[in-house]
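Biologist: I'm new to this one, and I'd like to learn how to read it. Could you take me through it feature by feature?

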Amino acid sequence: SLHDALPISHLNKFRKAKAQDKAKGKTLCASGFHKWQDDAKKQFDVKQGRLVSTKICTRCGKVKTTVG
């Protein structure tokens with residue numbers, strides 16, 4: 001019969017793309033919205049007489065240093 005010949009899985013390519021699939025590559029971090037967390041190992045690093053703290057993004061791993 002026709003039903004046995006065609007698997008249902010071949011219809012997936014005709015479905016509407018989910019918002020999650022559309023957003024691939026357009027992540028929060030790529031848009032500049034990082035999730036910063038203080039780096040416990042290098043929280044206070046004295047450099048040139050100034051206090052330097054290091055923050056790491058928990059999603060992408062980018063490192064940011066702030067002088068303060």
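Biologist: What share of the residues in the protein chain is buried?

Modeller: Buried means under 20% relative accessible area, exposed means over 50%, and partly exposed is in between, using a 1.4 Å probe and protein chains only. Here, buried residues are 9% of the 68 in the protein chain. Keep in mind that this is a predicted model: local features need pLDDT of at least 70, side-chain atom pairs count only at pLDDT 80 or more, and totals for chains, interfaces and linings use all residues. Residues are numbered from 1 along each chain as its sequence is written, and side-chain values use heavy atoms, with hydrogens and water left out.

Biologist: What does the pLDDT average for the protein chain come to?

Modeller: pLDDT is the predictor's confidence in each residue, from 0 to 100. The average here is 78, and 75% of the residues score at least 70. Among the elements, helix H1 (residues 2-5) has the lowest mean, 58, while S1 has the highest, 91. Where pLDDT is low, the predicted coordinates should not be read in detail.

Biologist: How many helices and strands are in the secondary structure of the protein chain?

Modeller: Both are DSSP runs numbered from the N terminus: helices are H or I with at least four residues, strands are E with at least two. This chain has two helices and four strands, in the order α-α-β-β-β-β from the N terminus.

Biologist: How do S3 and S4 run, parallel or antiparallel?

Modeller: Two strands pair if DSSP finds at least two bridges between them. S3 and S4 run antiparallel and are joined by five bridges. One spot to look at is Lys55, which stands opposite Lys64 in S4. The hairpin of S3 and S4 has five residues between the strands, and Gly61 takes a positive phi near 90° there. Strand S4 (residues 63-67) lies largely in the open, because zero of its five residues are buried.

Biologist: Which side chains meet in a salt bridge?

Modeller: Side chains of opposite charge can pair when their charged atoms come close. The rule used is a side-chain nitrogen of Lys or Arg within 4 Å of a carboxyl oxygen of Asp or Glu. That gives a count of one salt bridge: Asp38 and Lys55, at 3.3 Å from N to O. The pair links distant parts of the chain, with Asp38 in strand S1 (residues 36-38) and Lys55 in strand S3 (residues 50-57), 17 residues apart. Asp38 is partly exposed at 39% relative accessibility, and Lys55 is partly exposed too, at 25%.

Biologist: And Asp39: what does that residue touch?

Modeller: A contact means heavy atoms within 4.5 Å. Not counting residues up to four places away in sequence, Asp39 touches Thr54, Lys55 and Ile56. Asp39 sits in the loop between S1 and strand S2 (45-47), and counts as buried at 11% relative accessibility.
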